[in-house]
Amino acid sequence: MRKITKWLTNTPADLATHVVVLSSTRSGEWERWMKQAGVGEVRPEHFQRFEHNYISLQAIIDGVGVGIGGIQMLGHDLQGNRLVTPLAIEAKGSRYVALIAPDVDKSSSLNRFVAWLEREASA
């Protein structure tokens, strides 16, 4: 495991000089963050895409490139100095979907659960 001792970025625009790690399971995450950081026009020279967010996280810890993620999920790695947060810019709004098979029994408990999810998502 590699400890990051030096960060070579002073501003979000400097991300263009780094390998940006992406996750297929969190599409649009970088674009939302860059827009909120005011650097939506920045296009990094190199990208590395992984199939799942946890694989991307391990790649970032291993020094493949830079990435973004939720503070709640990264807390342990931040406390252990395996990751650093050089640019404290937070972007809200991860997107999730609930999937229900079309042929599943639409019971009253399922309907109540879906209604609860919709209320929670809109709060």
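Residues were classed as buried under 20% relative accessible area, exposed over 50% and partly exposed in between, using a 1.4 Å probe and protein chains only. The structure is a predicted model, in which local features need pLDDT of at least 70 and side-chain atom pairs count only at pLDDT 80 or more, while totals for chains, interfaces and linings use all residues. Residues are numbered from 1 along each chain as its sequence is written, and side-chain values use heavy atoms, with hydrogens and water left out.

Helices (H or I, at least four residues) and strands (E, at least two) are DSSP runs, numbered from the N terminus. S56 lies in helix α2. With a relative accessible area of 3%, S56 is buried. Contact was taken as heavy atoms within 4.5 Å. Leaving aside residues up to four places away in sequence, S56 touches V21, L22, S23 and F50.

Helix α2 spans residues 53-61, and its buried residues are N53, S56, L57, A59, I60 and I61. The cover over these buried residues includes β1 (19-23), β2 (46-50) and α3 (71-79). Just after α2, G63 adopts a positive phi of about 90°.

Strand β1 is mostly covered, with 4 of its 5 residues buried. Strands were paired if DSSP finds at least two bridges between them. β1 and β2 run parallel and are joined by 5 bridges. V19 stands opposite H46 in β2. V21 has Q48 as its bridge partner in β2.

β1, α1 and β2 form a right-handed β-α-β unit. A crossover is right-handed if, with the strands pointing away from the viewer, the path from the first strand over the helix to the second runs clockwise. The loop between α1 and β2 contains R43. R43 is exposed, with a relative accessible area of 58%. The C-alpha atoms of R43 and T17 are 9.2 Å apart in space, and the two residues are 26 residues apart in sequence.

Aromatic pairs were examined next. A pair of aromatic rings is described by the distance of the centres and the angle of the planes. Rings of Phe, Tyr and Trp (its six-membered ring) pair if their centres lie within 6.5 Å; planes under 30 degrees apart count as stacked, over 60 as edge-to-face and the rest as tilted. A search of the whole structure gives 2 aromatic pairs. W30 and W33 have ring centres 5.7 Å apart and planes at 80°, so this pair is edge-to-face. W30 and W33 are 3 residues apart in helix α1 (residues 29-36), and therefore about one helical turn separates them. W30 is buried, at 6% relative accessibility. W33 is also buried, at 6% relative accessibility.

F113 and W116 form a stacked aromatic pair, with 6.0 Å centre to centre and 25° between the planes. Both residues belong to helix α4 (residues 108-122), where F113 and W116 are 3 residues apart and so separated by about one helical turn. An α-helix has 3.6 residues a turn, so residues three or four places apart point the same way. F113 is partly exposed, with a relative accessible area of 44%. W116 is partly exposed, at 40% relative accessibility.

Charged pairs were then considered. Side chains of opposite charge can pair when their charged atoms come close. A salt bridge requires a side-chain nitrogen of Lys or Arg within 4 Å of a carboxyl oxygen of Asp or Glu. By this rule the count is 2 salt bridges. R26 and E29 meet through their side chains in a salt bridge, at 2.8 Å from N to O. R26 is partly exposed, with a relative accessible area of 22%, whereas E29 is buried, at 13% relative accessibility. D77 and R82 also meet in a side-chain salt bridge, at 2.9 Å from N to O. D77 is buried, with a relative accessible area of 11%. R82 is buried, with a relative accessible area of 18%.
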